Amino acid sequence: MNTSDRDMSLQVPNRSKGRYSSLCSDDELLDDEDNTLWQDDGINSLQGSFYLPDTGRLASATKEDSSQLTAVIKMGWLDKNPPQGALYYQRRWVKLDADYLRYFDNDKEVYSKGLISTAFITNVVSVGELKFEVVTDNRTFIFRAETEAERKEWVTALQDCTGGRHRRSIMSPGSPLTPEYQGYLELRGLRSKLYTVVASDKVFLYKAIEDYRIGVGITSIEMNVGNVKDTDRRSFDLTTPYRIFSFIAESEQLKEQWVDAMRNAIGEALSNSEVANRIWAEPSNSLCADCGAPKPEWAAINLCVVVCKRCAGEHRGLGPSISKVRSLKMDRKVWTEELVQVFLLLGNERVNSFWAANVPPSEALTPSSCSEDRRRFIANKYRQGKYRKYHPLYGNQKELNNALCINVQSSDVLETLSLIFCGADVNCSTGMASCPSPLSLANTHSQPLQAELLSHNLNTELPRSEGVEDMEAVHYSATPCVSHNGFLFKTASMARAITERKAREEFSRRWCTLNDGTFSYYESDRNSNPNGALKASEIVCLAVDTSEKHGYDHTFELYSESERLYLFGTDDPDSHKEWVKSIAKSFIPASAEPLLRLGFERIGRLKCKDGLNLQTSKVGWFALVGSTLHAYLENSQGEEIHLRKLNELSIQQDNEVLVLVERGRTLYIEGERKLDFAGWSAAIQTAAGSGGDTLSQQQLTETDIPVIVHSCIGYITQCGLTSEGIYRKSGVNSRVAALCDRFRRDARSLRLKEGEQQVDDVSNTLKRFFRELEEGLFTSENGSTWLSTAAIQDENVKISQYKVLLNRLPRVNKATLQALINHLYCVQRFSELNQMNLHNLAIVFGPTLFQTDGKDYTAGRAIEDLIQHYTLIFEVDEQQLKKQLEEITVIIQVREKLNTKFPSTEPGGHFICTVYLEEKMDTTEQHVKIPGSMTAAELTCEVLDRRNIPVKDKEYWSCWEVSDKEEMERPLHYQERVLPILHSFGTDSHLLIKKHLAMEAVIVYLANKVDPSKHGMMKFREERSILGLGLTTGSFHDRYFILNSTSLRMYKEVRSNRPERDWPVKNLRIYMGIKKKLRPPTCWGLTVVYESKKQEKPERQQWYLCCDTHTEMREWYATFLSIQNDGNVWPQDGLQQTRSARVLPDTRHGNVSLIPLRGSENEMRNSVAAFSQDALALFRDVR
Ligand SMILES: [Zn+2]
C-alpha cells in the first residue's frame, strides 16, 4: 500500500496458466483460488483426530480475535465466478473492510480463500443480471448478488471504499503492509511455495510475488493469536486457535530468520494491542465515538474521542489544527500513561455528553454510513461544534478563562474539555507570575491529566459555529442539576472503616450544600469558604447505616475515590432521606438511574468482570437492597443478583476479589480501592448468609427451597430410603446440633457426604430445622386453618380447601412444602424397606411441621392428607412422579447390589476403579474411590492432586471415557457423574485423565455464536446388524444435517423437506473417532450412540458421522456439547474452583489395601452394567 499503483502495474507479468495448474493439481481445478490450501488433510494431518497443539500462547484466543477488529463495512453471501472462465459460480461469504475485500468458504471461516486490497481496486461496475465487476489493474473479479438491492449496496460500498484510496494511502504511512520480512515458504501439504509476507502484526500469504505486488492474496493471519514453534531442521509451525500452518523454509538459516520475523510480529501484535486493550477497558471506548463501529483503533487525542478507521480518515480531513489523529496500535510513543488515563477517565460516552449532546436522529451516523455522510457529520461535530453542549459561561470570555484556571486545579477533566471547546483560552493569562498559564497551574497543582489535555490543545482551532444554530443548542443544553442544602452533623473524615460506634460528641454541626456537582460543608451557613468539598464524580459509594448505629439516629457514609470516608448524621429521618437521595442522584449516571428508586443500604460503583471476557474489567453500578444486589454493568440492562441464592460466594486473592457464583455465570467484583470495597464485601457477605430463622431468610436454591432442606432431602434420597425407621429414629444429638449449626452458618458450603454423615443425623437435622423455624412452614397466621381443614369430612371439599390454603402460602413456603411432601411421598412408597408408611410419617411430621406438642393427631391428620393426596393437592404431573420413583428404584437396586456383592471397606459402597493419567500404561495407573456423587471434574482433580500436577491457566484437564476396541473416546462433561459411566462400560473401555486440547477452540467458537445450532453436509453411516449376528454392513453416504436445540435431523439432501431421521439431541452421546475397520472416508469422524429412554423398550443404536475438515468436526462437536449442557461446557473458573472447593484427598488411600480391580474388574462391571439400562439416570440429582 505504500507503493503507488503505477509501480504495481509495471511489475506484473502475465500469469501463465501452468503455474496455477501445478498449484492446484492436488485437486480438481475448481476455482483458481480454491486450491488445496484449505483442505485440512493438507495442512493438518499431524494427528489422527481432533487436535490442537498444546501451547501456552493459545490462551490469547479468548482475547477478541483481532481479525474481527477491523470494522466490517459490508458482508454477505455472493456468488463468485472463477476467473479462469469456468462457467459456474461458487457461493462465497464476502467481507469488505476499509483495507480488503475478502471471500471465504463460509461465514464461520477465519481465514479467507482470497483477498483483494481495496487500494488496488480501480473500478467497480454493475454488469449483466445481478452481477458486478471488481476491477484491478490486472484482474477482474465478477460477483453475483441475489437481489438487485443487494448488488446496489455492494457496488456503493465498494465504490465508497475505493474512491478514497488516494487519500488513504497518504493517510497511513505506518500501514501494516510495510513488510518486515518476505519470501517464498513451503506450506506443508501444498506442492508449490507461497509468497509469504510478514508485515507489522500480520502474516500475509500470496501465491506468488506477482500477486503480492498487485494486492491480490490468499489470506492474512493475525499474529496476536499466533504462536511459532520450531519443529524440525527447516520447518516450523505457526499455530493459531483456528489452524496450524506448517511451513518449510529453504534452509535452516532462513528458517531461523522466518521464525524470528514471525515472533517479532507476535510481539508487535501484542504490544500493539496493549494500548488499544487498555483504552477499550473503558467500555464506551470500544465503540467509535462518531459512528458506533466496534473496536475503533484510532483516536483524536485533543478532542478525546476514540474513533474507527473510516471516521479517522474524515478527522484527518479536518486538519491537525482541529483534530490530532493517532493510532492506538501504531503510534505507540504518543500514548503516555497520562494520555491513556485521560481516555479512561473520560471515555467516549462522557465525552459525547459534551460533543454530541444534541444530535438530531436524522444526522446521526451508523457504522455503515457512507463517506459523504461521515465527512459532513464530523465537520459539523468538531469543526462547527454544532452538537455540543454549551457551557453556561459560553460567550463570556473572561469568565470562561477564569473558570478554566480554577478548574484545571481540580480533577474534573471533562469540565476542562467543555470549557476549552466552548471558547476558554488555553493560553490565557492567569495573572500569577509563578504559574502564568493554565498548563503551569495544572502542573503546579499536580493535575497531570489536566496538563495532558491542555498540552494537546495549545494550538487547537476552536469550533466556529454559525449564526442561529448556537441559539438552538443553548436551549437544548439546560439539564436539571441536583441541589440541596441544610445542616448535618459530621465527624472528621477517615482513612479506614468505622468499626465502633461514634458518639454524639464526635460530630460537629456543619452547613452542607450540594450544588453544581459538588458537595461542600461549611463552618456555618454564613461562611462563604467551605471547610471541605467533594466532587460528586469523586464519590464512589454511599452507605446508609441502620438507625441508631451511631450517636445520631440516622447516619450515612460517603466514600471518595481518594479512599476517604465521611460520616454524616442527623436526628431527622426526613432530612436524612432527602440527603441520601440527593447525593446518590448527583453521582449515579443516567444509565444506572433506576437504582435511585430503590431503598438501598449501599450504592456506588465497583470494578468487575464476568462471562468470557475476564481480560478487562468494566465499571458497574451497584445497589444493595436486603439480600438482592442490583447491578448495571457496562451498557447492559439492569440485573438482580439474589445473594441468598448464590451457588457460592468467596473472597479471593488476598481479599481483593469478591467472587459471586450464580447458576450460569460468575461475577468477579474487584477491590479497586480498599476502603469502599471492604464495606461492600462485608455487606454482601452478610446479605448472602442466612438472615434469620424464618424460611425466606435462608439461603435458597434456584427453585426457592432452603439449601438446608434441599441438601437433606437429596442425601436421604440417595442414601437413606432403605434405612429402617428413617425419620423416626433419632440421631446423635451432638452431631445433629453441630450439623444444624454448620447449615445455619453457611448452608451453601456444606456438602453432605455418605460416610461423613449418618442418615439419622441428617434426617433429624431436617426435622429440627422445621421445628425451630420462626413462623413455621404453614405460617403462624394460617397454621390453625390448615389444622381445622383436616377435620373436614367431605374429601373433595377438604382437598379444594387445602389447595386454597396452599396458594395462600408465601412463595418460599409453598415451594418448600411441595419439595418436602414430594419427598415424604417417595419415602412411604418404599415403606416395605424402611417401615415408614403414611401413618408413621404423619405421626412424626405432623407436630414437627405444625410445631405442636403432638398430644392429639390433628397435625398428623393434616400431614397424612397432604401426602396421601399429594398428586391432587399439588397438581403433580403423574408421569414425572413415575419417572422419579423409577429413578429411586434404580438407585436402591444399585446400592443393594454393590453392598452385597462388593462390600467395601467403608459404609456406603463406593466403587474403586482404575484411572489412567495421560496414557494407558501400568505406570500411570491410579486407583480411585468413586462415590456415587463424584463428578468428572472431581475425579480429574483427585488424580491431578495425587500426582501433584498443577493446573495451569487454559489447561483443560478432563476425564475421558476411552474405548479401545471401538477406537473412540469421549471427554466426560465436568459435571457428569462418573459412577454411572463406569457401570455402563464394556470390557474394553477405561477412564483416562488428559488435557482436552480442543476445548479452547470449542469455547472460542461457542462464544462467537448467538445460539448453538448448525447445519451442513456430513457423511453418514449406520450400523446395521445382519441376521442379528452383530456383523455390520453399509457405507458412508452424504447427508444434510440440521442440529438445533432439541433435535438432530437428517435429510437426504439440502432441498429435502422431510427429514429421514430425527433424534432428540439430549439422548445422543457423541464420541470422537470411528473404528478404522469401517473405513471412514476422512479421519474427522464422530461415533454417535443413541439411547432411547423408553422404559418398556430401551433401545441403543450406534452410527457414524464423518466431516470433511477438522474445523467442521470441531464445530459439530462443540454445538452438540453446548446443546446437551445448556451452554455450560466448562466451569467458568476452570478446574481451580473444583479443586479448591473439594475436600482434600483422603490420605488414607495410600495405606489401606484397595480392592484389586484388575482381573475381577470386568466381571464386576458386567454384572453391574446389566442393571443399569438407563445408566445416565443413575445418581442424577433428584430435584
Ligand atoms: Zn466511526
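Colleague: How many of the 11 residues of helix H26 (residues 858–868) are buried, and what follows for the helix?

Modeller: Please keep in mind that this is a predicted model. Eight of the 11 residues of H26 are buried, so the helix is largely enclosed by the rest of the structure. The buried residues of H26 are Ala-859, Gly-860, Ala-862, Ile-863, Glu-864, Asp-865, Leu-866 and Ile-867.

Colleague: What covers the buried residues of H26?

Modeller: The cover includes helix H21 (783–789), helix H22 (795–808), H23, helix H25 (838–850) and helix H27 (870–873).

Colleague: Let us turn to H22. Where do the buried residues of H22 fall when the helix is seen down its axis?

Modeller: The buried residues of H22 are Lys-798, Ile-799, Tyr-802, Leu-805 and Leu-806. Seen down the axis, they fall within an arc of 120°, so they line one face of the helix. They pack against H21, H23, H26 and H27. The face turned away from this buried side carries the exposed residues Asn-796 and Asn-807.

Colleague: What span does H22 reach, and what is expected?

Modeller: With 14 residues, H22 reaches 20 Å from its first C-alpha to its last, which is close to the 20 Å expected at 1.5 Å a residue. At the start of H22, a side-chain oxygen of Asp-794 comes to within 2.9 Å of the backbone nitrogen of Asn-796.

Colleague: Which residues are in contact with Tyr-727, leaving aside its neighbours within four places in sequence?

Modeller: Among them are Ile-716, Leu-766, His-823, Leu-824, Val-827, Met-836 and Phe-845.

Colleague: Now the strands. Which way do the residues of strand S4 (residues 114–117) point?

Modeller: In a regular strand the side chains alternate between the two faces of the sheet. In S4, Gly-114 and Ile-116 point one way, Leu-115 and Ser-117 point the other way, and all are buried.

Colleague: Which strands are joined to S4 by bridges?

Modeller: Strand S3 (residues 100–104) is joined to S4 by four bridges, and the two run antiparallel. Within this pair, Arg-102 has Leu-115 as its bridge partner in S4. Two bridges join S4 to strand S11 (residues 216–217), again antiparallel. There, Ile-116 stands opposite Val-216 in S11.

Colleague: What is the order of the strands in the open sheet, and which are the edge strands?

Modeller: The open sheet has eight strands in the order S5-S6-S7-S1-S2-S3-S4-S11, with antiparallel pairing. Its edge strands are strand S5 (121–127) and S11, each of which pairs on one side only. Elsewhere in this order, strand S6 (residues 131–136) and strand S7 (residues 140–144) run antiparallel and are joined by five bridges. The bridge partner of Val-135 in S7 is Thr-140.

Notes. Residues are numbered from 1 along each chain as its sequence is written. This is a predicted model: local features need pLDDT of at least 70, side-chain atom pairs count only at pLDDT 80 or more; totals for chains, interfaces and linings use all residues. Side-chain values use heavy atoms; hydrogens and water are left out. Buried means under 20% relative accessible area, exposed over 50%, partly exposed in between (1.4 Å probe, protein chains only). Two strands pair if DSSP finds at least two bridges between them. Contact means heavy atoms within 4.5 Å. The expected span of a helix is 1.5 Å times one less than its number of residues. The arc is that of the directions from the helix axis to the C-beta atoms. A polar contact is a pair of N or O atoms within 3.5 Å; within protein, one must be able to donate a hydrogen and the other to accept it, and residues adjacent in sequence count only if both atoms are side-chain atoms.
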